[in-house]
Amino acid sequence: MVYPASGSSPVFAVEYKTNSATWVDIASSVLRFNTEAEIFDPMHPVRGLESLVEVANFSGSFTPPALAPLNIGRQMRIRITDTGSHLFSGRIKNISLNPSPEQKTVVLNLESFLSFYNRTTITTSMQTNINPASLFGAVMSEIASTTGLYSAEIIGADDNIPFAWFTNRQFSGALQQIIEYGFYPLREHGDGILQLYNRGTGFVAGGSAVDTIDTCYGLLVNWGSENILNKVKVSGNPRVV
């Protein structure tokens, strides 16, 4: 994906999910946001990703009880509206209010779904002669009610694990043991989907994940394996207050 095709600046949506499963965009009040992405492998341990969103609160719209919809545990996402690309998906981990008249803001600290799921203990029994992709699916099925939240590329039968059990039953620890078995890259996508990759495929996606340049800002993220990129941080300052 290359953005933007027209040469214009990206349009971001910063949204929270209501109890009725609809999404409400608060981007018009957002002063800045930070997101990150990382490819996990044996040298880069699996961990939960984080994001920060700072919201202007001069009108008091985000002061309790008006803040009630943005409570801890509420789902949020950051995306580029015209391309549909997601930069981050997760839940609110912490909320900080700054009541100062000069800097009346609310800071939302977000955690990715991987971080949220890391509170789960994996209880799968020992597996024999199992393919790593199938083992990944077995682990994910313990924390995700739908296969739409994870996917795995086809891994050859030659990589089958004769005896598979987890010495670390924390969710991230179990995933780490899977990727260390065969050096399989793992990524949590911006839409929250966890994907296990075949080590032979890696991230040869071609082109750029994001490419935007205007008079003030520039951003280039390349997922090609010829330019290996293990960590990405994205910051946005959509307006001046």
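Me: Is Asp159 buried or exposed?
Reply: This is a predicted model, in which local features need pLDDT of at least 70 and side-chain atom pairs count only at pLDDT 80 or more, while totals for chains, interfaces and linings use all residues. Residues are numbered from 1 along each chain as its sequence is written, and side-chain values use heavy atoms, with hydrogens and water left out. A residue is called buried under 20% relative accessible area, exposed over 50% and partly exposed in between, with a 1.4 Å probe and protein chains only. Because the relative accessibility of Asp159 is 15%, the class of Asp159 is buried.

Me: Where is Asp159 found, and which residues does Asp159 touch beyond those up to four places away in sequence?
Reply: Helices (H or I, at least four residues) and strands (E, at least two) are DSSP runs, numbered from the N terminus. Asp159 belongs to the loop between β9 and β10. Contact means heavy atoms within 4.5 Å. Leaving out residues up to four places away in sequence, Asp159 touches Pro132, Tyr181, Tyr184 and Arg199.

Me: What distance separates the C-alpha atoms of Asp159 and Pro132?
Reply: Asp159 and Pro132 are in contact. Along the chain they are 27 residues apart, and their C-alpha atoms are separated by 7.2 Å.

Me: At what angle do the axes of α2 and α3 cross?
Reply: Two packed helices are described by the angle between their axes and the distance between the axes. Axes are lines fitted to C-alpha atoms, for helices over the stretch in contact, and angles run from 0 to 180 degrees between N-to-C directions. The axes of α2 (residues 132–140) and α3 (residues 171–182) come within 10 Å, and they cross at roughly 175 degrees. The two helices are therefore roughly antiparallel, a term for angles over 145 degrees, where under 35 is roughly parallel, 65 to 115 roughly perpendicular and the rest oblique.

Me: How many nonpolar residues does the contact of α2 with α3 have?
Reply: On the α2 side are Pro132, Leu135, Phe136, Val139 and Met140, which meet Phe171, Ala174, Leu175, Ile178 and Tyr181 in α3. Ala, Val, Leu, Ile, Met, Phe, Trp, Tyr, Cys and Pro count as nonpolar, Asp, Glu, Lys and Arg as charged, and the others, Gly among them, as polar. By these classes, the contact of α2 with α3 has no polar and no charged residues, and its nonpolar residues number 10.

Me: How many of the residues of α3 are buried?
Reply: The buried residues of α3 include Phe171, Ala174 and Ile178. Their cover includes β3 (30–40), α1 (113–117), α2, β11 (186–188) and β12 (194–196). Helix α3 is largely enclosed by the rest of the structure, because the buried residues number nine of the 12.

Me: How many of the residues of α2 are buried?
Reply: Among the buried residues of α2 are Pro132, Phe136 and Met140. The elements that cover them include β8 (127–130), β9, β10 (161–164) and α3. Helix α2 is mostly covered, and its buried residues number seven of nine.

Me: Which residues in the largest nonpolar core touch the most other members?
Reply: A nonpolar core is a set of buried Ala, Val, Leu, Ile, Met, Phe, Trp, Tyr and Cys residues joined through side-chain atoms within 4.5 Å. The largest such core has 47 residues, and those touching the most other members are Ile26, Val53, Leu108, Phe136 and Phe171.

Me: Where does Leu114 lie, and what is the relative accessibility of Leu114?
Reply: Leu114 lies in helix α1. Leu114 counts as buried because its relative accessibility is 1%.

Me: Is Asn129 buried or exposed?
Reply: Asn129 is part of strand β8. Most residues other than glycine have a negative phi. The phi of Asn129, however, is positive, near 50 degrees. With a relative accessible area of 55%, Asn129 is exposed.
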